[in-house]
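This briefing is meant to be read beside the sequence and the 3D view. The notes are grouped by topic, so that each can be checked against the display in turn.

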Amino acid sequence: MKDVSITLPGRVRPRRLRRTPALRDLVAETRVTAAELIMPHFVLPTDNAEIPVSSMPGIHLHGIENLLRQIESDRKLGIRAVLLFGHPEEGTKSPDGAAAAAANGAVQRAVERLKREHGDELIVMTDVCLCAYTSHGHCGIVKDGYVDNDASLKPLVDAALSHARAGADVVAPSDMMDGRVGAIRDALDAHGFEHVALLSYAVKYASAYYGPFREAADSAPEHGDRKTYQMDCRNVREALRESELDTDEGADMLMVKPALAYLDVIRSVREISDLPLAAYNVSGEYSAVKAAAANGWLDEPAIVRENLIAIRRAGADQIITYHARDALSGGWL
Ligand code: PBG
Ligand code: ZN
């Protein structure tokens with residue numbers, strides 16, 4: 001065999017800065033800390049209940065008292081922001097989803113209690129949508145089998161106002177109707193809620209990753225799908241357009257959703273916007289990790305850390321994630 005001479009790297013050796021954990025931490029470009037994590041919660045219109053969501057191990061539907069206890073214990077881990085989803089009173093789903101704006105609804109009552117107990121120490125965000133409250137399960141008003149954009153704005157505005165009245169710090173419309181950010185911003189301002197911030201689900205794709213959530217929120221559409229209002233997963237220029245529109249309409253923060261299958265979209269929006277950008281690490285992304293971990297196929301702490309870092313590295317400032325509690329209590333980050 002011929003003797004092949006090997007060229008050694010010489011002066012430049014990237015491995016020098018990977019030699020110890022402290023050196024690696026020193027040069028790390030991306031960090032995930034408790035301050036930028038947002039924990040989602042499902043609230044029932046009852047005082048005491050704790051019902052596990054079978055497709056989302058570790059996640060429960062909470063009665064209001066249970067929710068308060070859970071959030072109090074999460075705060076000790078450093079979680080300072082929550083995003084609330086509600087269930088309506090039994091038998092109150094209707095075609096126009098009016099229960100979404102009920103002053104004594106689950107979300108409205110939870111917001112009031114949370115703000116009374118935690119004040120400014122806790123950031124209370126609310127999801128603004130109709131799908132958990134409409135009898136047909138769509139995010140807007142259905143007319144002749146089609147979700148009518150403009151007819152959906154008023155009930156969405158009413159829901160957002162009811163959350164603001166209860167004391168929400170941030171309202172987050174997830175319906176994907178055109179013009180709803182402007183309509184909600186104007187109504188908030190007209191009612192003296194100019195301090196309430198608006199986090200827009202600006203870039204929300206029609207995604208199969210929402211499957212487990214629809215069990216948790218009982219919000220699956222009865223007929224059809226959400227493709228006439230949520231975005232097509234083949235598009236990224238459209239994401240920039242949605243972001244620009246919502247920015248012009250007065251959004252304070254933007255969101256890309258889902259996160260992991262859309263890291264390129266997060267990066268693209270990051271590059272054209274100077275607003276804070278959140279990413280939603282959605283239910284299906286969570287459940288897939290949980291299922292693989294339960295089978296011993298993946299190392300859950302390492303996977304969750306890698307996923308959350310990937311979302312931040314792509315350019316997200318905040319991450320909405322069901323992993324928040326486990327990641328912080330387990331010291332996974
Ligand atoms: C409802 C809503 C959905 C999610 C957040 N708000 C589901 C949907 O649009 O069908 C998904 C969240 C998740 O999957 O974790 N507008
Ligand atoms: Zn919806």
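In this predicted model, K257 touches Y201, V203, K204, Y205, Y210, Y280 and V282, leaving aside residues up to four places away in sequence.

**K257 and its strand**
- K257 lies in strand 10, which covers residues 253-257, and its relative accessible area of 8% is under the 20% limit, so K257 counts as buried.
- Between the C-alpha atoms of K257 and D25 there is a separation of 29 Å, the two residues being 232 residues apart along the chain.

**Helix 10**
- Helix 10 runs over residues 300-314, and because its 15 residues should span 21 Å at 1.5 Å a residue, the 21 Å between its end C-alpha atoms agrees with expectation.
- The buried residues of helix 10 are E300, I303, V304, N307, L308, I309, A310, I311 and A314, and their cover includes helix 8 (263-272), strand 11 (277-281), helix 9 (283-294), strand 12 (318-321) and helix 11 (324-329).
- Just after helix 10 comes G315, which takes a positive phi of about 130°.

- V27 belongs to helix 1, residues 21-27, and because its relative accessibility is 39%, V27 counts as partly exposed.

How values were computed: Residues numbered from 1 in each chain as written. Chains lettered and ligands numbered in written order. Predicted model: local features only at pLDDT ≥ 70, side-chain atom pairs only at ≥ 80, totals over all residues. Heavy atoms only, no water. Helix = DSSP H or I, 4+ residues; strand = E, 2+ residues; numbered from the N terminus. Expected span 1.5 Å × (residues − 1). Buried < 20%, exposed > 50% of the residue type's maximum accessible area, 1.4 Å probe, protein only. Contact = heavy atoms within 4.5 Å.
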